[in-house]
Amino acid sequence: MKTATALAALQQQLRQTFLELLDGLPESEGPPRVTKAGRIDADDYIVEKLVYESLPGYHVTALLYLPKKADGAVPGVLSPCGHSDVGKANGTYQTLHINLAKRGCAVLTYDPVGQAERSQ
């Protein structure tokens with residue numbers, strides 16, 4: 001692309017084509033519905049077990065790692081997991097997420113389609 005305007009036009013065209021191929025996206029009715037499925041209370045962090053609807057009727061299993069001692073807002077990290085049969089339960093991912101929570105971050109991780117709790 002030679003200009004920012006041309007790039008923006010191409011991006012809009014590609015987005016429109018993509019959405020047409022999907023038959024559009026459902027209308028948003030606010031934040032996704034979240035169900036708390038359990039909680040792990042460790043020494044200096046907490047893990048909330050969650051199930052949320054990314055689209056109506058389309059459920060995603062997730063874990064939210066939180067620092068136990070937090071004064072106000074904390075930095076947030078979205079950590080998608082892939083290339084593991086056990087998804088977010090992989091030891092390497094767990095170590096990363098626990099260490100981030102211990103250092104004061106909130107970490108949301110989820111199982112990709114076809115892995116771990118979202119295997120078909």
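The cut-off for a disulfide is a pair of cysteine sulfur atoms within 2.5 Å. Please keep in mind that this is a predicted model.

**Cysteines**

- The structure holds 0 disulfides.
- Cys81 takes part in no disulfide, and its nearest cysteine sulfur, 15 Å away, belongs to Cys105.
- Cys81 has a relative accessible area of 4%, so this residue is buried.
- Cys105 is buried as well, because its relative accessible area is 13% and the limit for buried is under 20%.

**Strand pairing**

- Strand β2 (residues 45-55) pairs with strand β3 (residues 58-67) in the antiparallel sense, over 10 bridges.
- These two strands, β2 and β3, form a hairpin with 2 residues between them.
- Gly57 sits in the turn of that hairpin and has a positive phi of about 80°.
- Across from Leu55 you will find Tyr58 in β3.
- Strand β3 is also joined to strand β5 (residues 106-110), by 4 bridges, and this pair runs antiparallel.
- Within that pairing, Ala62 has Tyr110 in β5 as its bridge partner.

**Lys36 in strand β1**

- Lys36 belongs to strand β1, which covers residues 34-41.
- With 63% relative accessibility, Lys36 counts as exposed, because the threshold for exposed is over 50%.
- Which residues does Lys36 contact, leaving aside its neighbours within four places in sequence? They are Glu48, Lys49 and Leu50.
- The C-alpha atom of Lys36 is separated by 18 Å from that of Leu78, and the two residues are 42 residues apart along the chain.

**Ala8 in helix α1**

- Ala8 is part of helix α1, which spans residues 4-21.
- Is Ala8 buried, exposed or partly exposed? Its relative accessibility is 41%, so Ala8 counts as partly exposed.
- Between the C-alpha atoms of Ala8 and Pro56 there is a separation of 30 Å, and these residues are 48 residues apart along the chain.

Definitions and conventions: Residues numbered from 1 in each chain as written. Predicted model: local features only at pLDDT ≥ 70, side-chain atom pairs only at ≥ 80, totals over all residues. Heavy atoms only, no water. Buried < 20%, exposed > 50% of the residue type's maximum accessible area, 1.4 Å probe, protein only. Contact = heavy atoms within 4.5 Å. Pairing = 2+ DSSP bridges.
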